[in-house]
Amino acid sequence: MPDQPVKTSLGIWAFGPMVTRFNPGGYKPQLAEASTADKVRTAVEGLGDLIDGYEFHYPQEIDEHNAEEVREALGQHDVYAVAGGLHLDATFARGGLVNPDPEVRAEAQRKTVAAADMAAALDAQLIVWPGVEGFNYPFQTPYRESWKWLVEGLGMAAQRCKETGRLLLLEHKNSEPAMKIHMGNIGMTLFVIHKLREQGLDNVKVNMDWQHLIMNGEHLAEYAALLADEDLLGHQHGNSGWGTFDDDNMVGALSFMETIELAVELRRADYGARGERIGFDLYPYTEDAVGVVRRSVEHWRFIDRVASRIDDAALREAQSRKDALAAYDLVYAALGAR
């Protein structure tokens, strides 16, 4: 089990204008013109060593033109991950990697591979969340062809990552912006990974976005254990929410017990020992961004300390009998109930 806190990373989009479809100018319109470097400076000044590294969408938040400026703003912090940004480009409104137009699809492939190159140049990992790869209506989409195109495009990214010694981290979600995202659950994510393994691409793992799993009714601890057992537990995007939408609320604000159990399983997996991080994917619509991130890191560290105080041998024994009462005696003892 890790004795030191697992290193952290933060998606810089937490410092944006907080746009919604009902308020396209955002709840923080004063930030609409802020450059990525400006956002980084605000984050680094406000958060200091609470955050070890940062994550950026390519090419919207980081690209070949501003990378050096961003690096300078980061100071001693690193770029931990580059995330593909097809969902932020109106060109791909009807899909990028699965667009039926071969020219649009080729452009999406080019940009995805370019994101992998950017990750390599920054000594970072690549995250692909194919949120625009899906459909909105029955009868709209050629499913077989779309899945073939999706695996093909992700395979190109994985191949480039393998050539440059990077991981490709796949992140699933069931809906939004496409109403029905093809890679919408853990099962379909594993399907993609195994299809890529058939091609000899063994550098693909899962980025667990906690609220994305919660929205699906996918239990955090169970899937962390499953992925760890298959050596597919690549990254975490910490947050919380009500379970019906991608709220990206503060860690531990909701799903508190589930997050404690996740911390137990991450400890059992020795998560962080090979450089994995707890990333934070937060969207503070109306709250102060620095405050939300700080509170999320502090909540996570408290939750992890609770997990460290649970008698794991006794918990395993209780679990061997599926004894919920004995298990909760241990959990509440760690919380200070006795």
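Eleven helices and ten strands make up the secondary structure of the chain. The radius of gyration is 20 Å, close to the 20 Å that the globule rule gives for 338 residues, so the chain is as compact as a globular protein of that length. The model is a predicted one. The C-alpha trace spans about 65 × 45 × 40 Å along its principal axes.

Of the 338 residues, 55% are buried. Among contacts with a separation of 6 or more, 76% link residues 24 or more positions apart. Charged side chains number 33 positive and 52 negative. The centres of these two sets lie 2 Å apart.

Strand E9 covers residues 233–238. Six of its six residues are buried, that is, under 20% relative accessible area. The strand is therefore largely enclosed by the rest of the structure. E9 has two parallel partners, E8 and E10. Strand E8 (residues 204–209) pairs with E9 over four bridges. In this pairing, Met208 stands opposite Gln236 of E9. Strand E10 (residues 278–280) is joined to E9 by three bridges. Here His237 faces Gly279 of E10 as its opposite residue.

The loop between E9 and helix H8 (256–268) contains Asp248. Its relative accessibility is 7%, so Asp248 counts as buried. Asp248 has contacts beyond its neighbours within four places in sequence. The partners are Asp209, Gln211, Asn239, Ser240, Asp281, Leu282 and Tyr283. One of these, Asp209, belongs to the range of E8, residues 204–209. Trp210 lies 38 residues from Asp248 in sequence. The C-alpha atoms of Trp210 and Asp248 are 8.8 Å apart.

Strand E2 (residues 53–58) runs parallel to E3, and six bridges join the two. Tyr58 of this pairing stands opposite Gly84 in E3. Tyr58 is also joined to Pro59 by a cis peptide bond, with omega about 5°. Pro59 sits in the loop between E2 and helix H2 (67–74).

Another cis peptide bond joins Glu176 and Pro177. Its omega is likewise about 5°. Pro177 is placed in the loop between strand E6 (168–170) and strand E7 (180–181).

Backbone phi is positive at two non-glycine residues described here, Asp270 and Lys322. For Asp270, phi is about 55°. This residue is found in the loop between H8 and E10. With a relative accessible area of 36%, Asp270 is partly exposed. For Lys322, phi is about 50°. Lys322 lies in the loop between helix H10 (312–320) and helix H11 (324–334). At 79% relative accessibility, Lys322 passes the cut-off of over 50% and so counts as exposed.

Conventions: Residues are numbered from 1 along each chain as its sequence is written. This is a predicted model: local features need pLDDT of at least 70, side-chain atom pairs count only at pLDDT 80 or more; totals for chains, interfaces and linings use all residues. Side-chain values use heavy atoms; hydrogens and water are left out. The radius of gyration is taken over C-alpha atoms; the globule rule is 2.2 Å times the number of residues to the power 0.38. Buried means under 20% relative accessible area, exposed over 50%, partly exposed in between (1.4 Å probe, protein chains only). Contact means heavy atoms within 4.5 Å. Lys and Arg count as positive and Asp and Glu as negative; His and the chain ends are not counted. The place of a charge is taken as NZ of Lys, CZ of Arg, CG of Asp or CD of Glu. Two strands pair if DSSP finds at least two bridges between them.
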